Amino acid sequence: MPGTRLPGPRLQPPDLPPSREEQDLLLAAAYVSDAQYNRNVPFKTSPEAIRLYYFYNHWTMRGATYFFICVDLSLALFEEPALFALPFLVTAIAEVLCLTAFFGRLLHFAKVIPQVVFWKDTKNICIMVTIVLTLMDLVVYASLEAANVHSVRWSRALRPVFLVNFPESRQIRRALRSIRNTLPDILYVFLLFLFSLLLFSLMALKLFGDRGLKTVEGSPYFTNILEIVFELYVLVTTANSPDVMMPAYDFSWWYSLYFITYTIINTYIFMSVFLAVVYNNYRKHLKNEIRILAYLKRYKMLEAFNILKVRVGTEFVVKEAQWKRLAKVVAPDVSTSHLELLLKISDEGQKGHVDKVNFLRLADLLNIQVVTINIKRHPLEAWVPRVYQSPASLLVQKVVRHRIFVWVYDVIILINAIFIALDEKNPFISNAEWLFLSLYVIEILLKLYTYEPRAYFGRKQFWNWFDTLIIITALVATVANTTIQSARKYNSQQILDIVLVLRILRLLRVIVSIQRFRVIVTTLINIGPTMLTFGGLVLVVYYAFAIIGMEVFHGKVRFYGPNFTTPDALVCGNPALKDSAFAQGRYCRNNFNDLASALVVLMELTVVNHFLLLASGFALVTHQAAKLYFIGFHVVVVILVVNIFIAFILEAFFVAYSLEKGEVETAIEKKIQELGVGIQEEDVQDGKPTDNMDAKDSGFSGDDEDNKRKALKGLYFRIASRKYRTVDTLLQQMFESEIAPEDEGPPLDEILNFSPSDTHPKHPNLENSA
């Protein structure tokens, strides 16, 4: 199914006869597949190029590319300074293999698209230049190492270029484009902020420089303009508040007004303006990106239609047989029953062909996961029908299906959480744990008795698997702990504590059962996949700064262990840190001696709680100019990346709260119900019936419920859960709904050159929500 695979066609074109019809079919399928996954690759249309393009998008090729990218990035863990040191020859061979794979991938791409397009694409140029520079750096570094001359592996900071510039990483490039598009507008705000910072710095120099004030460490207070600028910049992050104010505040209460005014203007006003500018530009350029995607999708579907169309009467259509073959090539895993359902939706009048308007919906139809449900009876119903259908058995099943059953166990989970928080050394509390475990085991057994076991443990039944594993683990651990304690050999209370904490996570099920909370959880699930994009963006920035930090600060700070009290250990291995807050706070482990430690330091800088302490510590062991490294990291990550992430979260929640079901999904659901083969989403889980496992809407409804369940036997369909739709998909659907079916859109060149100020067409809904 399309929803369970990597983006890209999961097919390897079979050896087809070189007929024109088959070539046209493969070409049309390539266009539909690109429309389905929002790819924008101007591939060549020759039969050989099309076959290469299918192979280029095959999941094995994509997986191999990601594998070599991960290997290339992880080499920093094994290179000096290393977390796990390996000989230089081993890491060099691994890097050369990665570069060879990247070059092969690039060469494959060059065979797919026209040469003119390939050489005009800056992504390809970046990859080739990075490969050449990396090889040059490897050769120079190896030569100098052979001559016992220390050198710097500067090309390691370029490794994220491969993650960013391959076509598979278009989402990360979109995030980087958001930063690039935001820079011109945010630059003016940043310059105004710097002007304010310098203005207040000069005021501080004149106000406090000649007062003879001292800091807590005994240093002169606000006598150096550069130190003042740095201290006030850090004050914007609140990392040194109120410490930076205290010498002046101790001297006179009135001086506090200076710092209060500075904080209001620069911390609250300017930082809020930064967020407003970033959000406004992100929203504007997101709208432009979505418009381009929507029109490119329409363009590719029109190209596919024009290839396969035939004239019937006064209109052009695609024959039913050709439509089926096309759908099978694009989605080879689609079942025959699913394909027939999609055909009934596309061929509304059952005329034996699909018109242009319905053909343009094919990519959307394939993107919507329609689950084929083969409803089966409970095994006990087949093995012991009289017992399973007896009045007592039916009463048990009704009780388990009733919403009150769920509520009762939600209350039990809450009570159990309270008991876990109490002193377990109390015999009553300790023995109560056996009662709760017994109740949980009874719950699982009752549900397995009521619901079909294969449905209960379906592939996507996360909460059922989660509850069962937690309960079984807790039961085994409790029994083992009791047995060990009775033998008076060992007390494994720590293991039991971990299990008890894990079982508290069952409270999540209680939260999900509340409608208001469920909306928020659904929204978080919606934005989850796209959040990975920002995870990739943060990885790129972190990796580059970590490599630079390792080259500059490696070995300057050393960690000797938590229990070492030697003179070197007390100053983190560097006399320059003697009597410093960095050494006194035992921050020795915050260093750049390997990639893992560097990433931890960067994470701490992102939080900015001890920004001043860390920056000052590394400045002491190198040079005061090292503070520019930390300021640059703060500007890039906290002011730009984090604000863009906040803008994305805001936009995601606005969209999730405002959008309704897509038009295509509504058409599919309507057709399913018209054919009499529909079943509601809440009545099944993972394509198999669980008789409304959560029982949110059920009650004691007498024989009607039993008859309904007995009638649900055979083959049925339903729309898979819509909670996994991404924000981009929702916005694109909303924009496409405003495009008239007969509108073929502007030419391709005009589409690719859209700017945020263009409006084609005017889209009021998108303007409001994006």
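The model is predicted, so local features need pLDDT of at least 70 and side-chain atom pairs count only at pLDDT 80 or more, while totals for chains, interfaces and linings use all residues. Residues are numbered from 1 along each chain as its sequence is written, and side-chain values use heavy atoms, with hydrogens and water left out. Helices (H or I, at least four residues) and strands (E, at least two) are DSSP runs, numbered from the N terminus.

**Sheet**

- Three strands form an open sheet of 3 strands in the order S1-S2-S3, with antiparallel pairing; two strands pair if DSSP finds at least two bridges between them.
- Strand S1 (310–312) and strand S3 (353–355) are at the edges with a single partner strand each, so one side of each has no neighbour in the sheet.
- On average, neighbouring strands of this sheet are turned by 55° against each other, direction ignored.
- S1 and S2 are antiparallel and share 3 bridges; Val312 stands opposite Glu315 in S2.
- The hairpin of S1 and S2 has 2 residues between the strands, and Gly313 there takes a positive phi near 70°.
- Strand S2 (residues 315–319) is joined to S3 by 3 bridges, again in the antiparallel sense.
- Across this pairing, Val317 has Asp355 of S3 as its bridge partner, and Lys319 stands opposite His353 in S3.

**Helices on the sheet**

- Helix H11 (residues 256–308) lies across S1, S2 and S3 and runs at about 85° to S2.
- Helix H12 (residues 320–330) also packs on the sheet, where H12 touches S2 and S3, and its direction makes about 55° with that of S2.
- Contact here means heavy atoms within 4.5 Å; axes are lines fitted to C-alpha atoms, for helices over the stretch in contact, and angles run from 0 to 180 degrees between N-to-C directions.

**H9 and H11**

- The axes of helix H9 (residues 225–237) and H11 come within 9 Å and cross at roughly 60°.
- That angle makes H9 oblique to H11, given that angles under 35 degrees count as roughly parallel, over 145 as roughly antiparallel, 65 to 115 as roughly perpendicular and the rest as oblique.
- H9 and H11 cross in the right-handed sense; a crossing is left-handed if the near helix is turned anticlockwise from the far one by less than a right angle, and right-handed if clockwise.
- H9 contributes Leu232, Tyr233, Leu235 and Val236 to the contact, and H11 contributes Tyr258, Phe259, Tyr262, Thr263, Asn266, Thr267 and Met271.
- These residues comprise 8 nonpolar, 3 polar and no charged; Ala, Val, Leu, Ile, Met, Phe, Trp, Tyr, Cys and Pro count as nonpolar, Asp, Glu, Lys and Arg as charged, and the others, Gly among them, as polar.

**H2 and H4**

- Helix H2 (residues 47–56) packs against helix H4 (residues 88–112) at an angle of about 145°, with the axes 8 Å apart, and their crossing is left-handed.
- From H2, Ala49, Leu52, Tyr53, Phe55 and Tyr56 meet Arg105, His108, Phe109, Lys111 and Val112 of H4.
- The contact of H2 with H4 has 7 nonpolar, 1 polar and 2 charged residues.

**Disulfide**

- The whole structure contains 1 disulfide, defined as a pair of cysteine sulfur atoms within 2.5 Å.
- Cys572 is joined to Cys588, S to S 2.0 Å, and the link is left-handed, with -70° about the S-S bond.
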